[in-house]
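Look through the sequence and the model, then read on.

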Amino acid sequence: MREETKEKILKATEIAKTIIHWGFIPFILYLGFSRSNPKPSLIRMISPLA
Amino acid sequence: MAGLGEKVSTPMITPWSLSSIFNGISEYRKKLNLPNPGTFEGLHKEVKATFLTNHLFDGGRADLTKVLSQHLQVTHSFSMGSTISPPMYNFGAAFIGTNSFLHGTIDTEGNLTARMNYAWNANNVTKLQAHISPSPGHSMLQLEQDYQGSDYSINCKTINPSPVENTGIFILSYFQSVTQKIALGVENVYQKPTPDIEETTRSLVAKYTGTDCIATLQWQEIGALQASYYQKISEKVDFGTELQILVASGRREAVCTVGGKFDFRAATFRGQIDTTGRISAVIEQKIAPGFSFVITGDIEHMKVSVYLIFPSIMVI
């Protein structure tokens with residue numbers, strides 16, 4: 001494998017990792033929210049007290 | 001649509017063809033009507049359930065689970081006052097779909113654990129697990145394909161595969177029922193920590209399932225033997241025994257552990273003793289629904305310095 005492609009793949013993995021790191025939980029919440037009927041209130045989804 | 005009716009299936013199978021032999025074998029297998037042996041990973045599951053490996057903790061803990069709808073569930077867990085780990089808040093979210101299951105937790109230090117399962121059908125499940133940590137070198141990725149046949153289970157797993165650096169761990173396991181009660185399995189682990197080092201280890205297992213007992217034996221090529229026995233004494237009492245022997249690279253070690261689990265009307269007691277002189281016990285008293293009081297104790301007699309008894313309150 002060429003050095004350039006290697007670097008490109010490593011960089012892409014790094015970006016994908018960052019996206020998953022911060023986007024995975026919001027993604028689950030979005031999936032659950034969009035599929036739910038009736039829709040739960042946003043505050044109940046995030047706050048432990050509500 | 002007249003053509004469809006005219007279609008006549010002509011059997012092309014000669015008695016010697018491969019497919020007829022294969023069909024014959026599968027017919028014979030169907031006749032035996034063997035049960036599924038369970039997963040390779042879950043070999044020691046019953047014994048481990050009587051032990052208190054996952055139940056020992058100190059300090060206060062509160063777990064709050066909120067079911068927001070039939071597809072969405074969130075958990076908040078707080079822990080503090082522990083002598084081992086710093087105070088921690090952990091947020092978890094789970095999505096339960098018809099074929100898919102997604103679960104993620106993130107803590108105050110930014111560690112994310114992600115789990116994704118997708119069931120192609122009742123027997124075939126793809127699993128993805130990732131652990132992403134802000135500190136470098138602690139991240140992990142695991143891909144898994146699990147297939148459960150009528151009388152066998154196949155599992156393919158890869159941990160941290162990196163085609164760029166040509167490294168990774170690859171695990172392949174096969175578990176087959178031989179008779180109604182006995183199942184045999186083999187697992188191959190191929191490790192490539194660096195491009196130059198290659199390592200293959202194999203382990204063989206046998207499992208006997210009785211009416212209310214399970215005995216397992218696992219032998220690893222590197223020189224480790226693990227035997228376990230699980231016995232259900234009554235509806236509320238379970239006992240498990242485990243023997244681990246390690247004979248590798250000049251080390252000769254053996255540990256035997258006995259554990260018991262007792263379920264009462266409003267309490268669960270787990271006790272465990274092993275040959276290193278470690279005695280531990282956990283009692284969980286349910287005071288109200290979702291609110292329990294837990295006392296854990298752990299004494300290592302050989303190392304007198306370690307002596308822990310912790311009362312804690314758990315809100316679930």
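## A serine in a strand

S280(B) sits in strand β17 (residues 278-288) of chain B. Helices (H or I, at least four residues) and strands (E, at least two) are DSSP runs, numbered from the N terminus. This is a predicted model: local features need pLDDT of at least 70, side-chain atom pairs count only at pLDDT 80 or more, and totals for chains, interfaces and linings use all residues. Residues are numbered from 1 along each chain as its sequence is written, chains are lettered from A and ligands numbered from 1 in the order in which they are written, and side-chain values use heavy atoms, with hydrogens and water left out.

S280(B) counts as buried because its relative accessibility is 3%. Buried means under 20% relative accessible area, exposed over 50%, and partly exposed in between (1.4 Å probe, protein chains only).

Which side chain makes a polar contact with the side chain of S280(B)? That of D298(B) does, at 3.4 Å. A polar contact is a pair of N or O atoms within 3.5 Å; within protein, one must be able to donate a hydrogen and the other to accept it, and residues adjacent in sequence count only if both atoms are side-chain atoms. Leaving aside neighbours within four places in sequence, S280(B) is in contact (heavy atoms within 4.5 Å) with residues including L52(B), L56(B), R270(B) and G297(B).

## Two pockets

A pocket is an open set of points on a 1 Å grid over the protein atoms alone, where a 1.4 Å probe fits, with protein on both sides within 12 Å along at least five of seven lines; lining residues have an atom within 4 Å of a point. A volume is the space filled by probe spheres set on the points.

| Pocket | Volume |
|---|---|
| Largest pocket | about 650 Å³ |
| Second largest pocket | about 280 Å³ |

The largest pocket has 24 lining residues, with T13(A), K17(A), L141(B), N160(B) and P161(B) nearest its centre. α1(A) gives the most to this lining, with 8 residues. For the second largest pocket, β1 (60-67), β2 (72-80) and β3 (88-96) of chain B each supply at least two lining residues.

## Chain A

Chain A has 2 helices and 0 strands. Its C-alpha trace spans about 55 × 20 × 10 Å along its principal axes. Of the 50 residues in chain A, 22% are buried.
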